[in-house]
Amino acid sequence: MLEIKVLKVRHYGEREARKLIPHIENTDIYSEENAGATEEMARAHEKNWQWIINSSGWSFDQFVRNREAAQKAQRRSQDDGQYALFQSSYLFAEKVPIYVVERFSQAEREKIMASHKLEDLAAHKSVEHLGEGRVDQYIEAYKRFLQLGKEKDEVRDRHIAKNLECAEAYLRGIYPSLSKKEPLRLTVSLGSLHSPEKYTSIPIELCSLVGDGGAHHTIDLIALMNEQDIPVETLDHHILVYGAEKILSMKGIKIDLEKAMQMSYEELSRLLAK
């Protein structure tokens, strides 16, 4: 029997990554997010990780230095890099094998990467409008960004769900030491907006690690609201609050989000148009 737990996470800094500790300690196999990976890439990554934890002979410090060098070459953001480094370091320390849950064909990968570029373009457009004080255009561009992200994530989530349905036989095959383990525990870590559980009937335990006490970061909250049937005015208001938070932080000004949430659409628009 394969017991699947899906963690909904926020890839942001070591503080968020530390929430993974008990879940890594209590799993047999771990799956981190590998957006748009192909079958070939997935198998190579799994094989390389097995060599790293079992045969490389690296000390913990050597592993960390190697990962830091790789991340520097990839030019990852500081917060994203801190999260990834802590996650991989703890997996190394615990010698946990991995499973890559995204295993697309090359043609499918190319479509996903193209969608990602369009999403990035919409995000850049929204920032451009925001910086110029074009409030209505900012909102429309941001909604375009949300819609593209939603469509891309649905493709990925359907694919992930399909792979989870047939993961047990594959995992028992590539990891002989776990071939008779009962139950076999698989923990899958995904960004908080992913929902593969919607596209499968197999039992999946869900665990949200986002924020403190269930609170969401503003940008995550907007995307979650976009998934739900809420009035367009409410979504627009939250997008404006996020815009105010972003534009003022760029000017070195802190904004009270609670106060901003109480401001009217017109007040927020004037604030952004300055």
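Student: Which residue lies over the face of Tyr-12?

Tutor: Arg-10 does, at 4.1 Å from the ring centre. The cut-off for a charge over a ring is 6 Å, so 4.1 Å passes on distance. Keep in mind that this is a predicted model.

Student: What makes Lys-95 a charge over the ring of Phe-92?

Tutor: The charged end of Lys-95 sits 3.8 Å from the centre of that ring.

Student: How far apart in space are Asp-80 and Tyr-12?

Tutor: Their C-alpha atoms are 5.3 Å apart, although 68 residues separate them in sequence. Asp-80 belongs to helix α5.

Student: Why does Asp-80 count as partly exposed?

Tutor: Its relative accessibility is 24%. Buried needs under 20% and exposed needs over 50%, so Asp-80 falls in between.

Student: Why is the pair of Tyr-142 and Tyr-242 called tilted?

Tutor: Start with the count: there are eight aromatic pairs. In this one, the ring centres are 5.6 Å apart and the planes stand at 55°. Centres within 6.5 Å make a pair. Stacked needs under 30 degrees and edge-to-face needs over 60, so 55° is tilted.

Student: What does the pair of Tyr-142 and Tyr-242 tie together?

Tutor: Tyr-142 lies in helix α7 (residues 135-165) and Tyr-242 in helix α10 (residues 232-250), so the pair joins parts 100 residues apart in sequence. Ring pairs also link Tyr-138, Tyr-142, Phe-145 and Tyr-242 into a cluster.

Student: Does Tyr-142 count as buried or exposed?

Tutor: Buried. Its relative accessibility is 3%, and the limit is under 20%. Tyr-242, at 12%, counts as buried by that limit too.

Student: What is the order of the four strands in the open sheet?

Tutor: The order is β2-β3-β1-β4, with parallel pairing. β2 (29-31) and β4 (205-208) are the edge strands, since each pairs on one side only. From one strand to the next, the twist averages 20°.

Student: How many bridges join β2 to strand β3?

Tutor: Three, and the two strands run parallel. Two bridges are enough for a pair, so three qualify. Tyr-30 stands opposite Thr-187 in β3, and Ser-31 stands opposite Val-188.

Student: How many bridges join β1 to β3?

Tutor: Eight, again in parallel. Ile-4 stands opposite Leu-186 in β3. β1 also pairs with β4 in the parallel sense, over four bridges. There, Leu-7 stands opposite Cys-207.

Student: Why is β3 largely enclosed by the rest of the structure?

Tutor: Seven of its eight residues are buried, so β3 is largely enclosed. β1 is mostly covered too, with seven of its eight residues buried.

Student: Which residues have the most contacts inside the largest nonpolar core?

Tutor: Leu-20, Ile-24 and Trp-49, in a core of 21 residues. At least two core residues come from each of β1 (2-9), α2 (21-25), α3 (39-54), α4 (60-74) and α5 (78-94). Helix α5 gives the most, with six residues.

Student: Which residues in α6 are buried?

Tutor: Ile-112, Glu-119, Ala-122, Ser-126, His-129 and Leu-130. An α-helix has 3.6 residues a turn, so residues three or four places apart point the same way.

Student: Which residue just after α6 takes a positive phi?

Tutor: Gly-133, at about 75°.

Conventions
Residues are numbered from 1 along each chain as its sequence is written. This is a predicted model: local features need pLDDT of at least 70, side-chain atom pairs count only at pLDDT 80 or more; totals for chains, interfaces and linings use all residues. Side-chain values use heavy atoms; hydrogens and water are left out. Buried means under 20% relative accessible area, exposed over 50%, partly exposed in between (1.4 Å probe, protein chains only). Axes are lines fitted to C-alpha atoms, for helices over the stretch in contact, and angles run from 0 to 180 degrees between N-to-C directions. Rings of Phe, Tyr and Trp (its six-membered ring) pair if their centres lie within 6.5 Å; planes under 30 degrees apart count as stacked, over 60 as edge-to-face and the rest as tilted. A charge sits over a ring if NZ of Lys or CZ of Arg is within 6 Å of the ring centre and within 35 degrees of the ring normal. A nonpolar core is a set of buried Ala, Val, Leu, Ile, Met, Phe, Trp, Tyr and Cys residues joined through side-chain atoms within 4.5 Å.
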